Amino acid sequence: MTLKQLSPDCAIDIVQPADDDARTFLPDDITRYDAVFLTGSPLHVYDDTPEVRRQLAFMRAVFASGTPSFGSCAGLQIAVTAAGGRVRKMPERMEAGISRRIVATKAGQGHPMLAGRADTWDAPAIHGDEVEELPEGARLLATNPVTRVQAVEIRHDRGVFWGVQYHPELALGEIAVALQRQADDLVTAGLAESRDDVDTRADQIAALHRKPDERALRWLLGVDGEFADEDRRRREIVNFLAELSALDRRRKDSAVPSPAA
């Protein structure tokens with residue numbers, strides 16, 4: 001698990017708020033946590049289903065609690081929707097395997113989540129939904145030619161959320177498996193001509209997972225260390241953990257009543 005590798009002494013509770021038997025978390029329940037992380041999900045946040053409503057209720061409780069949060073892929077989309085933005089199915093396309101030519105916006109160039117990132121970078125990704133409209137209180141931090149919203153900060157209610165559309169938490173081998181699982185969708189989207197083509201690309205990414213320093217594999221996939229090196233690939237999560245104390249001060253400050261005039 002990525003968090004355990006980055007912070008071996010941390011205690012982690014894993015919850016699945018979409019499940020019909022999941023515990024309901026109130027804001028006060030969440031305040032005892034230092035942070036909340038939201039990862040991928042097979043659900044589509046624009047579908048009005050009980051599972052999606054439970055996800056959104058959980059995220060609204062996170063915002064209300066003031067607990068700093070970080071999300072990737074569907075985690076980003078849940079936070080955007082919970083704060084009042086909109087998510088849609090990507091028009092006639094997907095972004096799968098490698099999200100290419102991501103660049104920081106002017107707001108993102110000085111943002112601590114992207115500290116240390118190159119001027120442009122590639123990242124692991126697999127998604128068919130995207131953010132259509134950011135909510136009030138959001139700042140677009142990074143973009144690319146395929147998906148406009150690649151990284152964002154959202155300030156909503158008492159909370160601060162940092163999120164990315166790509167997957168800094170996943171190993172390259174996990175991305176390879178995800179490609180194979182969604183091979184039919186990738187063919188339908190026109191990203192590959194056949195399942196064999198998907199298997200070939202998945203095998204290349206899996207090989208890079210095993211040999212991240214292999215120059216021939218990097219050349220074959222058209223990537224550099226921002227994608228191949230695990231430490232650089234996880235940069236946004238590392239930066240979030242480093243900034244937790246500063247983010248938590250905002251929670252404590254927002255909980256203190258303002259002095260009477």
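A: Buried means under 20% relative accessible area, exposed means over 50%, and partly exposed lies in between. The model is predicted. In helix α4, residues Ala74, Gly75, Leu76, Gln77, Ile78, Ala79, Val80, Thr81 and Ala82 are buried.

Q: What makes α4 largely enclosed by the rest of the structure?
A: Nine of the nine residues of α4 are buried, so the helix counts as largely enclosed. Glycine 84, with a positive phi near 110°, follows α4.

Q: Why is glutamine 77 called buried?
A: Glutamine 77 has a relative accessible area of 4%, and the cut-off for buried is under 20%. Therefore glutamine 77, a residue of α4 (residues 74-82), is buried.

Q: What makes the pairing of glutamine 77 with glutamine 165 a polar contact?
A: The two side chains are 3.2 Å apart at this contact, and the limit for a pair of N or O atoms is within 3.5 Å. A polar atom of the glutamine 77 side chain also lies 3.2 Å from the backbone oxygen of aspartate 129.

Q: Why is the pair of arginine 88 and glutamate 130 called a salt bridge?
A: The closest N and O atoms of arginine 88 and glutamate 130 are 2.8 Å apart. A salt bridge needs a side-chain nitrogen of Lys or Arg within 4 Å of a carboxyl oxygen of Asp or Glu, so the pair qualifies. The pair links distant parts of the chain: arginine 88 is in strand β3 (residues 86-89) and glutamate 130 in strand β6 (residues 129-133), 42 residues apart.

Q: Are the two partners, arginine 88 and glutamate 130, buried or partly exposed?
A: Arginine 88 has 32% relative accessibility and is therefore partly exposed. Glutamate 130, at 3%, is buried.

Q: How do you know that glutamate 153 and arginine 155 form a salt bridge?
A: Their N to O distance is 3.0 Å, and the limit is within 4 Å. Glutamate 153 is buried at 4% relative accessibility, whereas arginine 155 is partly exposed at 37%.

Q: What makes arginine 234 and glutamate 230 a salt bridge?
A: The closest N and O atoms of this pair are 3.4 Å apart, which is again set against the limit of within 4 Å. Arginine 234 counts as buried at 8%, and glutamate 230 as partly exposed at 37%.

Q: How many salt bridges does a search of the whole structure find?
A: The search finds 19.

Notes. Residues numbered from 1 in each chain as written. Predicted model: local features only at pLDDT ≥ 70, side-chain atom pairs only at ≥ 80, totals over all residues. Heavy atoms only, no water. Helix = DSSP H or I, 4+ residues; strand = E, 2+ residues; numbered from the N terminus. Buried < 20%, exposed > 50% of the residue type's maximum accessible area, 1.4 Å probe, protein only. Polar contact = N/O pair within 3.5 Å; in protein donor to acceptor, adjacent residues only side chain to side chain.
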